[in-house]
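This report describes the packing and strand arrangement of the structure shown below.

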Amino acid sequence: MATAYTPTVTGTGIKAHIQRLGGYLAGMVMPNIGAFIAWGLITALFIPTGWLPDKQFAALVDPIITLLLPVLIGYTGGRMVHGQRGAVVGAVATVGVVVGAKIPMFLGAMILGPLAAYVLKKVDEFTADRTKSGFEMLVDNFTAGIIGGALAVFGVWGVAPIVRQVTSAAGNGVEWLIHHHLLPFASVLIEPAKVLFLNNAVNHGVLGPLGVAEAVNHGKSILFMLESNPGPGLGVLLAYLLFGPKALRPSVPAAIVIQFLGGIHEIYFPYVLMKPRLILASIAGGAAGIGTFMITGAGLVATPSPGSIFAYAAETPKGGWFGVFAGVIVAAAVSFAVGSALLGFGRLAESESEAVEETAEDGSAVVNEEPAPESTAGDVERPAARPEPQEA
Amino acid sequence: MNGKDVKKLIVACDAGMGSSVMLASQLRKELRKSAVTVEHTPVNSIPGDADVVVCHAGLGARAKASAPDTPIITFQVFLGDPAVTRLVNAIKNGSEINA
C-alpha cells in the first residue's frame, strides 16, 4: 500500500547525527518518566493550591524535583556510557550539581552523569591489565569511589554555576517568547522535527527540563504541551480518514486510537511523511493549540508521556481543564481543516490512490541496505503531485 | 537469509518504549506459533544476538550504525506495512527473507 515517499536517513546525514544526540538526551530522561509523573501527581494533589492540600505530604515535592529526578537522570546517563559502575559514579557526581541549587539541575545531570561514567570507563581500561589478581575488587571499588567523589566536588565547584547561568538564560528566553506572544511560532520548528523522529529529543531533551523549572515556580508549565499536544496529529489523521488516498483510509481509525488515546505519536508520522505538504497542517494545528494554551493560561504539572489525552487529563492542575482541552480541540480542528484543504477535500483521492496502488508492487523492505532508493521514491511522488498544481 | 533461521527478532524505535513496544506485541501475537523471540529495544542499543531488526525507515541509518551486521527490515507505516507482512510470512513459512 504505502510505498509512496519517506525521506530516508543516510549514514552520514546530519539528521541521523542530531537524532542520535537527541536520542542520548531523551534516553536519559525517558526511562525515568514514571518518577516525573509521580512528582507531578504529588504536586497537583498536595501543594497549597492543589486538590487535597496537605503540608506533610507537600514536603515530598522539593526533594523529588531537586534531588531525586536529577540523580535518576545522572544515573541513567552513566549507565548508558558504562553500565552499572557508570550509573553509580554518574549518580554520585550528579549530587555535586544538585546541592545548593535552587533550580532542578537536569542539564547538569545530563552532562555530569555521562562524563563521570566516561572517566571511569577510561580508568577501568587503564587499570584492567595492571591490576594484580585478587586485587580487582579493591581497585574497582576505590577507582569508582574516588572518581565519583572527585566529580561531585568538581560539580559543586565548576559545573553548577555554569549550568545555573545557562538554565536561567534558557528560561529567560522562553519567558521572553511567552511575554511577546511568540511561542506559537515554536511549532514551525517543533512539528517538522517531530515527524523526523526527533519528537523525544525535542520533548524530553529540551522542553521537559525547561518545563519542570517553570512548574516548580508556577505549579504548571505550558512547555510540556508544545510537542506533546495530541491535537495536531489527530487532525492530520482525521483529514486522512475522510479525504486521504482510499487505500490508506482503512488503517486510519486504529491509528487514531493509538495516537490520541494511547499517546504513541509515531503512528501518524508516516502519514505526514507520505505527503510532506501535510506538515503545514500540523504546524498550523500546533501553533493554534499553543495560542489557545497561552490565551487561556493553560499548563500541565508534569511531562505528559506518552502524549495521550488521558495523560493530559491526569496532569491538568485544578481548575485548568478548560484551557487544556480547548487547546487540544482547537489544534485538532485547525490541523484537520488545513489538512483537508491540502488533500483537496478528497477530490484528488481517486487519482492518488491509483498512483499508490501502482507502486505497491515494488515493496519497501530492503535487507541490510539503505531503504528504497531515492530515485524511485522521487518517481513515485511526482505523478501523484502533478494533478494538483493549484496547491503549490 | 531464511525465515526458519530467525530465532530473535528485534523491533527498534527511538526510545524503545513507545512504538516499538506496540509493534513488538503485535508481531509476538502473529508469531505466537513460531519459535521466535520478539523483543523491543532503543535503536541505539540493538543486542548483538539479534537475527533480524525491524524499524521505521526514518531510523534506518541509526539501526544500521548500531547493528551493522544484522539484516534490517525497514517499514513506512506502523499498521499493516507490506514489508512487515512479508517478513512475518517468511518466518511462518520458512521461506527466503530478501525483499
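Within the largest nonpolar core, which has 148 residues, the members that touch the most others are A:Val89, A:Ala116, B:Ala12, B:Val53 and B:Val54. Such a core is a set of buried Ala, Val, Leu, Ile, Met, Phe, Trp, Tyr and Cys residues joined through C-beta atoms within 7 Å, buried meaning that 20 or more other C-beta atoms lie within 10 Å of the residue's own, with C-beta atoms placed from the backbone. Helix 4 of chain A (residues 61–98) supplies the largest share, 17 residues.

This is a predicted model: local features need pLDDT of at least 70, side-chain atom pairs count only at pLDDT 80 or more, and totals for chains, interfaces and linings use all residues. Residues are numbered from 1 along each chain as its sequence is written, and chains are lettered from A and ligands numbered from 1 in the order in which they are written.

In chain B, four strands form an open sheet with parallel pairing, in the order 2-1-3-4; strands are DSSP runs (E, at least two residues) and helices likewise (H or I, at least four), numbered from the N terminus. Two strands pair if DSSP finds at least two bridges between them.

| Strand of chain B | Residues |
|---|---|
| Strand 2, edge | 37–42 |
| Strand 4, edge | 72–75 |

Each edge strand has a single partner strand, so one side of each is left without a neighbour in the sheet. Strand 1 of chain B (residues 8–13) is joined to strand 2 of chain B by six bridges, and B:Cys13 stands opposite B:Pro42.

How values were computed. Buried ≥ 20, exposed ≤ 12 C-beta atoms within 10 Å, placed from the backbone.
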